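Please read it beside the sequence and the structure.

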Amino acid sequence: MKKNTDIKQIRTRIAPSPTGPAHIGTARTALYNYLFAMQNNGKFILRIEDTDTQRSEQKWTDEVLSELKWVGIQWDEGPDIGGDYGPYKQSQRLDIYEKYLKQLLEEKKSYHCFCTEEELENKRQEQLSRGLAPKYDGTCTRLTAEEIEEKIKNNTPSVIRFKIENKKIKFKDLIRGDVEFDAALLGDIVIAKNLQTPLYHFAVVVDDFLMQISHVIRGEEHLSNTPRQILLQEALGFYQPIYAHLPLMLNTDKSKMSKRQGDVAISDYHKNGYLPEALINFMVLLGWNPGTEKEVFTLSQLIKEFTIDKVQKAGAVFNIQRLDFLNGLYIREKSIEKLTELCVPYLKEAGLLVIGQMPQNKLQEVVEVSRTRMKKLSDIVELADFFFQDKLIFDKDLLQWKEAGDNATKDSLEFSTKILSEIKNWELKELEEEMFSASEKFNLKKGYPEKNKGYLLWPLRVALSGKKMSPSPFEIANIYGKEKTLKFIENAIKMLS
RNA sequence: GGCCCUAUCGUCUAGCCUGGUCUAGGACGCGUGCUUCUCAAGCACUAAACCCGGGUUCAAAUCCCGGUAGGGCCA
């Protein structure tokens with residue numbers, strides 16, 4: 001077998017199957033492959049494994065492409081599709097696999113197998129009942145050339161099996177160190193349904209070779225598939241790439257992240273309003289750390305600082321709270337122009353924002369006063385809905401500060417009205433100063449504790465927001481303007497009458 | 001069932017290779033306090049872990065052996 005010592009360039013790849021929504025695990029594997037390739041001036045390749053035509057759909061291929069782009073992971077090669085790189089697709093390479101399939105058949109390294117599903121199942125059960133590991137018993141290897149020819153002529157259904165040598169397979173994994181498997185336990189594997197329909201193990205091996213992949217960085221679920229692929233490489237005379245098996249992303253119960261629990265599609269996170277930079281930062285930390293206490297990274301910093309030898313061996317639980325924290329961090333760091341632009345679609349979708357209804361600068365102020373409370377972009381809807389409404393609906397008891405009672409609350413709101421209607425400079429600072437001093441006067445007049453601003457400010461804030469929690473009344477009033485502010489207070493007073 | 005992988009706070013992890021500086025560090029989350037009209041944000045502080053059992057050694061989270069548990073793959 002050739003060694004890959006003559007590798008001139010680091011080349012990595014991600015090879016998703018388009019049989020469903022692009023998985024978050026694909027994004028993380030892609031990220032690690034991308035980082036590793038980029039920091040070594042290598043290439044990162046995207047290959048769509050769509051040989052299973054039954055389950056593959058173009059829309060899922062399109063989704064992988066668009067979501068990877070959204071995350072910010074760009075692949076380096078592929079067929080030209082109008083100035084851009086398309087991905088490599090296995091469905092367009094069937095003649096290539098056929099050639100190698102024929103080669104193995106000619107060299108007697110693989111053979112046609114005519115056993116039926118039923119026969120195989122019976123043998124399997126029988127082996128199991130004798131306490132043996134089920135594996136193919138090699139019935140069809142004993143067929144004569146004439147028998148094979150006749151069965152093929154008669155169109156007897158068949159598959160192509162690859163002869164597994166009985167030997168120990170050792171390989172070095174960049175993350176796990178030396179790994180050894182006993183191939184004798186494997187049994188001859190099916191590598192193709194027919195010459196035009198190769199199966200996963202075969203197509204991967206051929207493509208990784210032809211695409212000159214230097215490092216196969218993939219999920220741990222593939223670790224025990226590796227010996228089969230190594231044997232196939234040996235049979236075909238290919239070099240052996242360097243392997244690195246990543247720890248799995250786990251559900252809270254430590255099982256492999258699946259469709260059963262929570263969101264697993266990249267698009268789910270995209271739609272819910274996670275920022276790609278937060279998702280990247282979060283994903284890279286699931287199974288890797290820089291060895292320092294630094295935890296916030298941009299993609300370009302990661303390209304410099306990522307080190308494959310610091311990748312963990314054990315699986316990592318996907319902890320959404322940490323993602324939320326990171327996302328909040330990035331939301332707070334965004335420029336207000338950009339953040340507003342990102343929030344607009346959510347506001348429109350919720351039916352709150354009608355185009356032209358609110359000037360851009362106002363919209364930015366709304367987003368600005370809401371951002372510290374946002375974990376996800378979609379949060380803007382609940383956080384800022386009142387800015388877009390003409391009338392607020394809420395329980396009037398919410399207006400009360402402590403046990404003030406309706407009358408005292410009404411007095412408070414009327415006092416606010418009086419102060420606010422006299423304000424000439426409707427600006428945040430002015431509003432704050434006027435209302436703070438008004439609060440002291442009000443408390444003095446009513447015999448409340450002087451420093452407790454709640455008596456005046458709580459009812460005001462609720463009148464303006466209709467909520468238990470919100471930005472300060474000054475921030476809201478400032479955005480509303482005098483007229484709308486006074487109108488909302490008046491509405492609240494009416495509720496109390 | 002067979003094979004393989006893994007094992008430090010609830011979670012992500014540092015430390016393990018090159019035993020002592022580990023009364024085990026950081027972050028998220030939790031709790032408390034400060035700030036404060038509310039909720040956030042910010043700041044400060046607290047609680048929280050070496051899977052178990054042997055062995056080696058003056059000394060083990062760190063090395064060795066054996067269990068156990070979890071996970072993955074194949075069927």
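Helix 5 spans residues 145-153 and is hardly covered, with 0 buried residues among its 9. Buried means that 20 or more other C-beta atoms, placed from the backbone, lie within 10 Å of the residue's own. Helices here are DSSP runs of H or I with at least four residues, strands are runs of E with at least two, and both are numbered from the N terminus.

The model is predicted: local features need pLDDT of at least 70 and side-chain atom pairs count only at pLDDT 80 or more, while totals for chains, interfaces and linings use all residues. Residues are numbered from 1 along each chain as its sequence is written, and chains are lettered from A and ligands numbered from 1 in the order in which they are written.

Chain A contains 19 helices and 15 strands. Of its 497 residues, 35% are buried. The radius of gyration of chain A, taken over C-alpha atoms, is 32 Å, whereas a compact globule of 497 residues would have one near 23 Å; the globule rule is 2.2 Å times the number of residues to the power 0.38. Along the principal axes, the C-alpha atoms of chain A fill a box of roughly 110 × 45 × 45 Å.

The domain bounds below come from an automatic or database domain assignment.

| Domain of chain A | Residues |
|---|---|
| Domain 1 | 266-333 |
| Domain 2 | 336-389 |
| Domain 3 | 390-497 |

The centres of domain 1 and domain 2, taken over C-alpha atoms, are 26 Å apart. Their contact involves 8 residues from domain 1 and 10 residues from domain 2, where two residues are in contact if their C-beta atoms, placed from the backbone, lie within 7 Å. Helix 11 gives the largest share of the domain 1 side, 5 residues.

RNA strand B is surrounded by 48 residues, and the closest are Lys256, Ala314, Asn319, Lys453 and Ser472. A residue is near the strand if its C-beta atom, placed from the backbone, lies within 6 Å of it. Elements that each supply at least two residues of this surface include strand 9 (177-182), helix 11 (320-333) and helix 18 (473-480). The largest share, 4 residues, comes from helix 17.

How values were computed. A residue is buried if 20 or more other C-beta atoms lie within 10 Å of its own, exposed if 12 or fewer, and partly exposed in between; C-beta atoms are placed from the backbone.
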